[in-house]
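Please read the notes below with the model open beside you, taking the points in order.

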Amino acid sequence: MTTETQSHSQPASDTRRGWMTRLALGAGVAALASTAGAQAQSGKKTVGVVLYPDFEVLDVFGPVEMWANVPNMKVVFVAQTAGPVRSAQAVSAVAEYGFDTSPPLDIMMVPGGIGTLLELKNEALLQFIREQDKRTELTTSVCTGSALLAKAGLLKGRRATSNKKFFSIAQSQDSTVTWVKHARWVEDGKYVTSSGVSAGTDMALAVVARFHGKDAARQLARTLEYQWSEDPTNDPFAIG
């Protein structure tokens, strides 16, 4: 009776992340799973996605799908005020933390969306980004999120990219940035910026590769039935 009860209860206690990791276990994702032992000593990396009204859904959930399936990454949503945040597609996501209660972020990701235009004038958001950036291992963006990083003064003298259809928005925030018009994503030190919308998912896998190697990132992509564009210069939406 006890054995039967345990076998029936086990699926309920399994997280999807654990299931995906076991499913994907192979030469590549073994590198991801091997981090479990190290977690006891170093802890998980907190990946904070910054939400604001009218963010772009895929900017957020493409990367989240990748990062949330990595054993030593804990994804959290942060907004100016904790609670539901409505996207540009009228789908809401719930921020567990407000700016005043956010934990320190090891990796920060700022998405884009039509809400970017208003947020460029939101000093509370810009200041939160600046303060978190002081301690992040990586600061990343998708789409016009790089305009917010530039407005916050984080990309001065660096290389970066943005959504190609709205490239001028990012360019106008800081002329000292070398804005790359032909890039799926750009890495410059701890700053990783990606082009528009779907490019964020490729960028997220590049982040996984940065910590765990390309084989692990490739295996994760295969497990999630995603065709990763590994070459950051392979940009079908390039301009100029």
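1. The side chains of Thr161 and Lys164 are joined by a polar contact of 3.3 Å; a polar contact is a pair of N or O atoms within 3.5 Å, where within protein one must be able to donate a hydrogen and the other to accept it, and where residues adjacent in sequence count only if both atoms are side-chain atoms. Thr161 itself sits in the loop between strand S8 (159–160) and helix H9 (167–171); helices (H or I, at least four residues) and strands (E, at least two) are DSSP runs, numbered from the N terminus.

2. Before going further, please keep in mind that this is a predicted model, in which local features need pLDDT of at least 70 and side-chain atom pairs count only at pLDDT 80 or more, while totals for chains, interfaces and linings use all residues. Residues are numbered from 1 along each chain as its sequence is written, and side-chain values use heavy atoms, with hydrogens and water left out.

3. Is Thr161 buried or exposed? Its relative accessibility is 0%, so Thr161 counts as buried; the word buried stands for under 20% relative accessible area, exposed for over 50%, and partly exposed for what lies in between (1.4 Å probe, protein chains only). Not counting residues up to four places away in sequence, Thr161 touches a list of residues that includes Ser146, Phe167, Trp179, Trp185 and Ser195, where contact means heavy atoms within 4.5 Å. Glu187 lies 26 residues from Thr161 along the chain, and the C-alpha atoms of the two are separated by 9.4 Å.

4. Asn163 is found in the loop between S8 and H9, and with a relative accessibility of 9% Asn163 counts as buried. Once its neighbours within four places in sequence are left aside, Asn163 is in contact with Cys143, Thr144, Ser195, Gly196 and Val197.

5. Turning to the sheet, an open sheet of 7 strands has the order S5-S2-S1-S6-S7-S11-S10, with mixed pairing; two strands pair if DSSP finds at least two bridges between them. The edge strands are S5 and strand S10 (185–188), each of which pairs on one side only. As background, strands of a sheet pair through backbone hydrogen bonds, either parallel or antiparallel.

6. Why can strand S2 (residues 73–79) be called largely enclosed by the rest of the structure? The reason is that 6 of the 7 residues of S2 are buried. Strand S1 (residues 45–50) runs parallel to S2 and is joined to S2 by 6 bridges, with Val50 standing opposite Val78 in S2.

7. Val85 lies in strand S3 (residues 83–86) and counts as buried, at 7% relative accessibility. Although Val85 and Tyr52 are 33 residues apart in sequence, they are 6.4 Å apart in space, C-alpha to C-alpha. Tyr52 is also one of the residues that Val85 touches, among them Leu51, Pro53, Phe55 and Ala79, when residues up to four places away in sequence are not counted.

8. In helix H7 (residues 123–133), the buried residues are Leu125, Leu126, Phe128, Ile129, Gln132 and Asp133. Seen down the axis of H7, these buried residues fall within an arc of 160°, so they line one face of the helix; the arc is that of the directions from the helix axis to the C-beta atoms. At the start of H7, a side-chain oxygen of Asn122 comes to within 3.1 Å of the backbone nitrogen of Ala124.

9. For the protein as a whole, there are 11 helices and 11 strands, and 52% of the 240 residues count as buried.
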